[in-house]
Amino acid sequence: MKQLVLDLGAEPAQSLDTFQIGENAEMAHLMHQFAQRASREHFCYLWGETGAGKTHLLQGLAATDGARYIAATAGADDFVLTPDVSLYLVDDVDQLSPERQIDAFALFNQVREHGAYMVCTGPVPPAVLPVREDLRTRMGWGLVYQIHGLSDDQKIAALTQAAEARGLTLSASVLPYLLSHFKRDMRSLSTMLDALDQYSLETQRPVTVPLLRDLLLQGNPGSPHSEPKE
């Protein structure tokens, strides 16, 4: 059982099709255009709170041919434009070191010169990004979209649909309880749904609040998630 809970930290494969659109229809459509290299605009900056889906989108784009995902911790070589890559995906621009900020600035200019594509992400709008001025300016040159997180009702609807696709029957109070006692980003919630499915099969118990509570308690004994919030 302990191993099952530890598996909650595993990174599931992300795709554009599994991104929960919510209020982001225009931005999601644009990302599909970037995936096909069909957008008239070649640069886009996405911003939003942690868990909104920024990395999900970049990893979905990275699954297309000729794309390169660049984490904030990447080395200098990843910021070099190469003939086999037409889409560059720089995640967490605000976390780039001073040296990598220079590299990102140079890559932006190369992408523009060679007609490639680039999508970058950060937690705040370009105007207030905590990076060097020339890079901050570049982040605002193309399209800029805020990624709006899902409402609780939208999260419940998406998780209900995912459960139905698995053939998993949930009691009515399971998902509201999960939202109140667990991480609230969709990646964590979806992973917990997988764990609940597996735990239900292993224990031969229906997916109810008591089953969910047992799973949370075994994973985080004594944690604030194990008791109802006031």
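Colleague: Which residue's backbone oxygen does the side chain of Ser-39 reach at 2.6 Å?
Modeller: Keep in mind that this is a predicted model. Ser-39 lies in the loop between helix 2 (25-35) and strand 1 (43-47). From there, the Ser-39 side chain gets to a backbone oxygen at 2.6 Å, and that oxygen belongs to Glu-41.

Colleague: Is Ser-39 buried or exposed?
Modeller: Look at what surrounds this residue: leaving aside neighbours within four places in sequence, Ser-39 is in contact with Leu-30, Gln-33, Phe-34 and Tyr-117. The cut-off for buried is under 20% relative accessible area. Ser-39 has a relative accessible area of 6%, so it counts as buried.

Colleague: Staying in that loop, what is the phi of Arg-37?
Modeller: Arg-37 also has its place between helix 2 and strand 1. Its relative accessible area is 19%, and with under 20% as the cut-off, Arg-37 is therefore buried. Most residues other than glycine have a negative phi. Arg-37 is not a glycine, yet its phi is positive, at about 55°.

Colleague: And Gln-204, is that one buried or exposed?
Modeller: Gln-204 is another residue other than glycine with a positive phi, near 55°. Its spot is the loop between helix 8 and helix 9 (209-219). The relative accessible area of Gln-204 is 67%, and the cut-off is over 50%, so Gln-204 is exposed.

Colleague: Let's turn to helix 3. How many of its nine residues are buried?
Modeller: Let's go through them by name: Lys-54, Thr-55, His-56, Leu-57, Leu-58, Gly-60 and Leu-61 are the buried ones. Their cover includes helix 2, strand 1, strand 2 (67-70), strand 3 (87-90), strand 4 (117-122) and helix 8. That leaves helix 3 mostly covered, and the number of buried residues is seven.

Colleague: Which helix gives the most to the lining of the largest pocket?
Modeller: That pocket holds about 960 Å³ of space. Of its 42 lining residues, the closest to the centre are Gly-51, Gly-53, His-56, Met-186 and Arg-187. Helix 3 (54-62), helix 6 (152-166) and helix 8 (186-203) each put at least two residues into the lining. With seven residues, the top contributor is helix 6.

Colleague: How far apart in space are Thr-137 and Phe-105, C-alpha to C-alpha?
Modeller: Thr-137 sits in helix 5 (residues 133-139), and at 32% relative accessibility it counts as partly exposed. Along the sequence, Thr-137 and Phe-105 are 32 residues apart. In space, their C-alpha to C-alpha separation is 9.7 Å.

Colleague: Zooming out, what share of the 230 residues in the protein chain is buried?
Modeller: The chain has nine helices and five strands, and along the sequence they come in the pattern α-α-β-α-β-β-α-β-α-β-α-α-α-α. Among contacts between residues at least 6 apart in sequence, 68% join residues at least 24 apart. The chain exposes about 11,700 Å², with carbon and sulfur atoms supplying 52% of that. As for the buried residues, their share is 44%.

Terms used
Residues numbered from 1 in each chain as written. Predicted model: local features only at pLDDT ≥ 70, side-chain atom pairs only at ≥ 80, totals over all residues. Heavy atoms only, no water. 1 Å grid on protein atoms, 1.4 Å probe; cavity = no way out; pocket = protein on both sides within 12 Å on 5 of 7 lines; lining within 4 Å. Points joined across faces, edges and corners; volume = space filled by probe spheres on them. Helix = DSSP H or I, 4+ residues; strand = E, 2+ residues; numbered from the N terminus. Buried < 20%, exposed > 50% of the residue type's maximum accessible area, 1.4 Å probe, protein only. Contact = heavy atoms within 4.5 Å. Areas by Shrake-Rupley, 256 points an atom, 1.4 Å probe, with all protein chains shown as cover. Polar contact = N/O pair within 3.5 Å; in protein donor to acceptor, adjacent residues only side chain to side chain.
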